[in-house]
Amino acid sequence: MLEGGPSEGISCTEQDEDVLSDNGDVEVECHSGPVDVSALQKQYSCALRKSVFKYSLKLREKYVLPASTHEAIVADCKSLISNVLSCHNDVIQCHLKNNGYDVSGDDVLTQDILDINQYEQLWFDCDTSYKVIRNCGDVLGRIKPVEHIAGNFKSYYISLKDTLTMLVQKEDIAPFILQSFSCHESHLTSFTSGDAFQSMFSHIKGSHVLLIHLYNDEFEVVNPIGAHRGKHKMNATYFTLGNLPSKFRSSLQQIHLVNIVKHKAVKDEGYAAVFAPLVQELQELYTDGFTASLPGGHTEKFHAVLCTVSGDNLSSHALAGFRQVFNSGRVCRVCMISHDELADKCVSDVTLRRAETHAYHVEAVRQNPDNCAIYGVTGPSIFSVLPYFDVTQGFPADVMHDCMESIMPVITCAVIKLMVAKKLISVAQFNKSMSSFVFKGSDRVNKPELIQKDCNIVGSAAQKMCLFQFLPFLVDLPECPVAYKLYLLARDVMMFALCRCISRQDLDYFEQKIVVFRQYINEHFPDISVTPKFHYLVHYPLLMARYGPLRAMWCMRFEGKHQYFKTVANAVGNFINIAYTLAMRHQMLQCHLFAGRNVLGQELTLPSSGKFVTFTSLQIDVQQCLCYASSQIWSVKEATTGGCKFEVGAAIVVDFTSDNDPVFIQIKHLLIPHEGHLEVIGKLLIPIDFSKKYYAYQVTDNGWAHFHQGDEKDCSVLWPYEIDDNVYVSLPYYIPTWSSY
Ligand SMILES: [Zn+2]
C-alpha cells in the first residue's frame, strides 16, 4: 500500500520535493537584487524542516535505534542547535550595537530573524518515533506492509507492484528497464543470456518487462542456541530486479522485502496460504501490468514476470511441490534420480524433468497420493498458476548451500583427515598454522574457525570457502599426493561453479572436470558419501546454460539481509508481533535509502576519513601516473564506484596476458585530485607462473601503473600474499578474458 497525499505537517510548496538534494543538503535559489528576508527565511525553514526529517529518519533506521534512544538523541540535537543559535545571535547583536545600530528598534530583526523558537518547530514532525512513522508515508512515500491472515498467523506482505513502481521512477534505474535485452550467443553473463529466459521471453509480448528473482528462507532472530530457539524463527521472502546488472543487484539496498511471517505459519498453514497475496499479484503483474510515469515525465506500461525462486533445497522443494526428503527416494528437482543411485549414476544416465512429464506426475499424484514416492512430486507448485512459469526450470541450484556449505568443507575435511592419518600433520599443528597465517583485508573478515578434533569444518559459508581457497597456503599438500590430487580436482570444479561469466564452450570443459572429480572420489575416497548436494553439482553445466552463471542468483547476499533483521530484533527487543516490527522497520529503512532520485550508488563514494597530500610530496612515478595534476589531492584508503570497491593493498584484474592469464594492479594510492574524479594507482603485477602447489598465480612487480574505473575486468578484491620472497595471488573463481562482470 503506497502512502502519500497531502501531509499534515511538512507540505511546504509544490516544488519542495526537489528542494533537498539526495544527500540532504539544503539548496535555496539565490536572487539578485534586494531579497525579501521573511520569504527567504520561510523558504529556508521549509527546506530545513524536510532535511531535519530525513536526518531523524536516517538516525533511527540506518543505525537501528530503539525508540527511546532515538528520541533522546533528537532531544539532545534540539538543545544543541538552540544553544548554537542563541550564542550566534548574541554575537551578532553585540556587533550591531558596537557599530551603533539600534537593535531594539528593529522588529523584524528581534522578533523574526533572531527568534530561535521558530527553529524548534523544525523538529515538530520527527522528534518522536511515532511522528517519524506517521509522517514517513506522506513525506517520502513509504510502502507500508499489509497484514494478511494465514490461519492463526499474521503475515506481512509488501506490494511488489508498489515497490516496482517506486523503482522504475528512479533516474538511474529507468535506463536499465527501458533498454532491450541483448545477449551474446555464447557468453553467459546473466539470467537473460540463458536458455530459460529465451524460452520464457517468447511468451511475453509488448511493453517493458520487469524480471523478478525471488528468494525464500527462514532464520532465527534470537541466539540459535538460546532458550527461545524456534519460537522466533521467521520466514522471509525477498526479491531483486533482474533488469539491473548483477553488480548492483548484490547490494543489500537492492534486495527488497516481499513477505515476512513466523516460520510456524508456513509449517502449519502451508506456503499457499502465506503466499496467496504474492501469487495473486504476480498473476496481475503478468496479465494486466501497470503504468508508471518515468523521470522524463512520460508514462510507460510495464509487465513483470517471475524468473527464478532461490533458497535452500528444503524451501525450494517445498515451493516447487517436490518431496522434502533428501535421504531416500527421488531427491532431485532437475532429474528423476533416486537416492540409492547417487554414487554411481552420472549426468548422461539420468532422465531430466520436463514441463510435460511434470504435469503428468502432478496429475498422477492428485489421483493417488501414493504416487508421490514414485515421482518425488507432492503436488502442484504454488507458482504453477502463472502460465509462463515452468516449475522444472524455475528453481535453480544454490551455489552457497551446495558448494560453500557442503562440497568445499567435505573436501577440506577429507584432505586434512588423510594427511592426519598419514601422520604428515596433526590437527593441533594445522590449527597452529592457521592461527599464525595472516589473512589480509576481506580475507581476514572471513578468517576460518579452527577445525575440530575429528577434522570437521565449522563456521559460516564464507569462512568455509576461505578455508578451502587458502588450504594450500596452510598445509604442504604435495606431501600427500592422493589428497593433493583431490584438492586440485575439487578446486578446478569450484573455479567454474563460482564464476561470474562463462562461455558455452567452457561448459563442456566444466562438465568433464566434474566427471573426473566424481570418479576420483569414487575410486580414492569411498568414505566421502555422495549426498544430494554432490549430485546437484553434475547438473551445474546444464543449469548454467539455462540460467547463466548461478552465482547471480545465489543466496549469499540474502544472508546479509537476514543479518539486518537479526540486528533490528536485538535492538528493539520487543517480540510481540515481531513480523510486523521487522517489516515496518525495513520499510522505514528503504524509505531512507530510496529518498533520492539516484539509488544505485554508481557515483563515487568515499569514506569520511582521508588526508590531503600535495602533488610534490608524491613519488615522481606516482606523479607521472596522475591524469589530473592538482596542488592539493585527497587521498583515501578505500573507495566505491560503479558497484566496485577499491582498497589500498588489494589487487584487481585489469588485463590478460597472451596466454589468457590475469594481469593485476595492486592498489597503492586512491587519489582524488578534484571532486568526483578517482585515480587508482598501483604496481602492475604480471603473472610469471601458475603455482599448482598454492593454486595461485606467482606474480612479479612490473612498475607503476594506473587505471580508470570501468577498466577493471572483474570486481573481486584480491589480496597478494608473500611466501618465501615470492608473491602469489589466488583467484576465487575463473575469469574469462572477455569478462564483463
Ligand atoms: Zn538430478
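Select T581: leaving aside residues up to four places away in sequence, T581 touches V572 and N574. Touching, or contact, means that the C-beta atoms of two residues, placed from the backbone, lie within 7 Å.

Before moving on, note that this is a predicted model: local features need pLDDT of at least 70, side-chain atom pairs count only at pLDDT 80 or more, and totals for chains, interfaces and linings use all residues. Residues are numbered from 1 along each chain as its sequence is written.

**Around T581.** Select residues 578-593. This is helix α25, and T581 sits in it. Helices (H or I, at least four residues) and strands (E, at least two) are DSSP runs, numbered from the N terminus.

**Domains.** Colour the chain by domain: domain 1 (14-136), domain 2 (146-321 + 556-593), domain 3 (323-380), domain 4 (399-538) and domain 5 (611-729). These bounds come from an automatic or database domain assignment. Keep domain 4 and domain 5 on screen. Their C-alpha centres lie 29 Å apart. Eleven residues from domain 4 and eleven residues from domain 5 make the contact. On the domain 4 side, α18 (441-445), α19 (461-474) and α20 (481-497) each supply at least two residues. α18 gives the most, with three residues.

**A sheet of seven strands.** Next, find the open sheet with the order β1-β2-β6-β5-β4-β8-β7 and mixed pairing. Two strands pair if DSSP finds at least two bridges between them. Which strands are at the edges? Select β1 (146-150) and β7 (290-293): each pairs on one side only. Then select β2 (residues 153-157) and β6 (residues 256-262), which run antiparallel and are joined by two bridges. Y156 stands opposite I260 in β6.

Select β10 (residues 611-614) and β11 (residues 632-636). They run antiparallel, with four bridges between them. V613 faces I633 in β11.
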